[in-house]
Amino acid sequence: MGIAKQNTLFITIICFALASYAVAKPRARPHSGPDIYKGRNVARDTLFPGEKVNNVLDFGAQPDGEFDSTQAFMDAWQATCKSTVQSRVYVPEGRFLVSSMFFSGPCMTPHPVTVQVDGTILAPTDISEFENDEWLLFQNLNGLRLIGQGTFDGQGKDSWKYTENCESKRDGSACVRNPSSLFFSRVNDAIIQGIRSVNPKGFHIFVTNCGNIRLRRLKLTAPETSPNTDGIHVSHSINVIMSRNTIATGDDCVSIIQGSVNVTMNRLRCGPGHGVSIGSLGKYADELEVKGIRLINATLLGTTNGVRIKTWPDRFPGSASDIFFTNIDMVNVKNPIIIDQEYECFPNCKKKPSLVKLNNIQFNNIRGTTISPVAVDLRCSKLFPCKGVILRNIDLKLGLLPTMSRCVNINPLYFGGLQVPPACV
């Protein structure tokens with residue numbers, strides 16, 4: 001009996017260790033196949049022949065902003081997703097209160113499933129109702145269109161006082177975020193277009209473990225003082241295209257972290273907010289590389305940062321490369337161009353240097369006004385100095401006062417056009 005018990009205990013320990021090892025393995029970047037929307041006019045919405053429209057009103061939803069329409073929305077989604085005939089969920093004009101819910105696949109429709117929102121969808125004001133950590137979750141879908149002229153209202157004002165400052169947790173411990181309004185996980189070939197998001201409790205839009213995602217003509221707004229209300233947050237995703245979006249919020253307009261590859265932002269209007277940030281990086285073990293990030297044709301208005309790359313000192317390895325910021329207008333922006341590898345440790349940082357490697361970063365045709373004397377601030381790791389950083393045609397003015405550049409552990413290259421502020425000595 002004793003030997004049997006010992007063997008059972010030994011086997012249990014081995015199984016637990018193997019399970020723990022499996023959990024601890026680094027997360028793999030998602031794979032995306034051919035983009036089914038490439039070359040198509042995605043701006044136009046037309047019904048497929050015989051497409052069925054599942055109006056949430058027909059499933060018991062009430063457009064008064066007070067009745068809990070969660071079950072009606074779930075029933076409409078199930079009727080749509082499980083149909084072998086092309087179908088869509090339709091939310092008409094009106095105000096619909098729904099609590100946290102999943103839009104889960106895979107779906108059986110022959111073409112990408114559509115959710116068309118023309119009304120206003122309201123979140124509960126009580127943050128304790130969010131058992132799923134997010135508000136509206138879209139997951140395990142191959143082909144999705146979230147479209148319309150409607151609004152997702154997170155009604156987050158009362159919850160902002162409970163926001164936890166995740167950046168203050170320098171020991172790497174878990175941080176409980178406020179619920180994101182729209183959360184996309186394991187979604188491929190998706191279009192999110194035309195909708196509005198106002199006053200989220202946490203992030204407006206969170207994209208993770210996704211591929212071939214388009215976010216177009218979105219308007220995301222929250223007060224400048226609303227904490228941690230990032231506009232679009234991307235992680236562990238590949239082939240993400242954002243275009244013609246307007247974001248005015250209390251944190252980063254766009255934030256891009258580990259595992260993000262081939263992310264393009266075009267015609268972004270950002271402000272107020274914290275600008276466009278890559279990072280923070282190097283906060284967690286086994287972070288995946290960030291590569292192929294492009295911001296093109298953007299306007300930043302009164303943001304507290306412009307274009308920024310930020311990494312933690314004294315943490316974990318990581319890398320970011322092939323990053324291009326091109327054709328950007330800035331109006332009264334603080335810290336217009338910044339690489340900060342002493343994140344949350346500047347000035348007089350005494351910690352070990354950042355282990356994140358930065359390579360092939362370009363700042364091209366960036367012009368406008370700043371409220372910072374140091375308009376170009378490039379502070380890299382002493383252990384891994386930045387490589388291949390190029391500045392071309394930079395013109396950032398501080399009224400009649402001169403602007404300056406600061407360079408630490410970096411020898412940037414200057415190619416063509418103006419250099420205002422002057423190049424680092």
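## A buried ring to start from

Phenylalanine 152 has a relative accessibility of 2%, so this residue counts as buried (buried means under 20% relative accessible area, exposed over 50%, and partly exposed in between, with a 1.4 Å probe and protein chains only). Before going further, please note that this is a predicted model, where local features need pLDDT of at least 70, side-chain atom pairs count only at pLDDT 80 or more, and totals for chains, interfaces and linings use all residues. Residues are numbered from 1 along each chain as its sequence is written, and side-chain values use heavy atoms, with hydrogens and water left out.

## Aromatic pairs

Rings of Phe, Tyr and Trp (its six-membered ring) pair if their centres lie within 6.5 Å; planes under 30 degrees apart count as stacked, over 60 as edge-to-face and the rest as tilted. The count comes to 9 aromatic pairs. Tryptophan 135 lies in the loop between β7 (120-122) and β8 (136-147), while phenylalanine 152 is in strand β9 (residues 151-153), so the pair ties together parts 17 residues apart in sequence. Strands (E, at least two residues) and helices (H or I, at least four) are DSSP runs, numbered from the N terminus. Tryptophan 135 is buried too, with a relative accessible area of 1%.

The rings of phenylalanine 203 and phenylalanine 206 are stacked, because their centres are 5.7 Å apart and their planes are at 25°. Both phenylalanine 203 and phenylalanine 206 are buried. Elsewhere, ring pairs link Trp77, Phe103, Phe138 and Phe184 into a cluster.

## Charges over rings

A charge sits over a ring if NZ of Lys or CZ of Arg is within 6 Å of the ring centre and within 35 degrees of the ring normal. Phenylalanine 203 has the charged end of arginine 177 over its ring, 5.3 Å from the centre. Tryptophan 312 has arginine 315 over its face, at 4.5 Å from the ring centre.

## Disulfides

You will find 5 disulfides in the structure, a disulfide being a pair of cysteine sulfur atoms within 2.5 Å. One of them joins cysteine 81 and cysteine 107, with sulfur atoms 2.1 Å apart. This pair links distant parts of the chain, 26 residues apart: cysteine 81 is in helix α2 (residues 70-81) and cysteine 107 in the loop between β5 (101-104) and β6 (113-117). Cysteine 81 is buried at 0%, whereas cysteine 107 is partly exposed at 23%. The torsion about their S-S bond is about -105°, so this disulfide is left-handed.

Cysteine 407 and cysteine 424 form a disulfide with sulfur atoms 1.9 Å apart. Its torsion is about 75°, so this disulfide is right-handed. Cysteine 210 is buried, and its sulfur is too far for a bond, because the closest cysteine sulfur, in cysteine 107, is 14 Å away.

## An enclosed strand

Strand β27 (residues 374-379) is largely enclosed by the rest of the structure, because 6 of its 6 residues are buried. Two strands pair if DSSP finds at least two bridges between them. Strand β25 (residues 337-340) runs parallel to β27, joined by 4 bridges, and aspartate 340 stands opposite arginine 379 in β27. β27 also pairs with β29 in the parallel sense, over 5 bridges; valine 376 has serine 405 in β29 as its bridge partner.
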